[in-house]
Amino acid sequence: MAHEYRSSKDIPVKLTEFSRKVMALVKKIPKGKVATYGQIAALAGKPHGARGVGWILHSSTRAHDLPWQRVLNSKGRISFDSRSAEFKEQKKLLVSEGIRFSDGNQIDLDRFQWKKRPPQKRRSPKTPSLFSDD
């Protein structure tokens, strides 16, 4: 079921369940932590939806006040070109939250990645077999 919100140009926009989950998850990333596009996609129920997460951040950050700077690529790097204003802004915001970068502009995901992981599928309890000694 899609919900509607109004864009900055007062145009009605339908939100999918995936979009709502992505936005809710991004808002939960604590200051001083980062997540990857793939991690957010998996948590939102689409393990192969990393590009969709990027598109949602690009199109919805202003309207929903998302902490977009906390989402990085799978290598712990900012996805923008390092010479761009967007790269510089994202790095500045992350540094202000206490995140440290290596000389190669990489973040240590072991140290700074948000530890929220996709829920594990629950296994049903083992049903005893009529034909075993269990």
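Arg-20 and Glu-17 are three residues apart in helix α1, so about one helical turn separates them. In this predicted model, the two residues form a salt bridge, with 2.6 Å between the closest N and O atoms. Arg-20 is partly exposed at 25% relative accessible area, and Glu-17 is also partly exposed, at 36%.

## Other salt bridges

The count of salt bridges comes to four. One of them pairs Arg-70 with Glu-97, whose closest N and O atoms are 2.9 Å apart. Arg-70 lies in the loop between α3 (50-64) and β4 (71-72), and Glu-97 in the loop between α4 (85-96) and α5 (109-112), so this pair ties together parts 27 residues apart in sequence. Arg-70 has a relative accessible area of 7% and is buried; Glu-97, at 18%, is buried as well.

Arg-83 forms a salt bridge with Asp-81, with the closest N and O atoms 2.8 Å apart. Here Arg-83 is exposed, at 66% relative accessibility, while Asp-81 is partly exposed, at 39%.

Ile-29 is located in the loop between α1 (17-28) and β3 (35-36). Its relative accessibility is 1%, so Ile-29 counts as buried.

Leaving aside residues up to four places away in sequence, Ile-29 touches Val-34, Ala-35, Ile-40, Arg-70, Val-71 and Trp-114. Among these contacts is Arg-70, the residue that forms a salt bridge with Glu-97. The C-alpha atoms of Ile-29 and Pro-67 are 8.0 Å apart in space, with the two residues 38 apart in sequence.

Terms used. Residues numbered from 1 in each chain as written. Predicted model: local features only at pLDDT ≥ 70, side-chain atom pairs only at ≥ 80, totals over all residues. Heavy atoms only, no water. Helix = DSSP H or I, 4+ residues; strand = E, 2+ residues; numbered from the N terminus. Buried < 20%, exposed > 50% of the residue type's maximum accessible area, 1.4 Å probe, protein only. Contact = heavy atoms within 4.5 Å. Salt bridge = Lys/Arg side-chain N within 4 Å of Asp/Glu carboxyl O.
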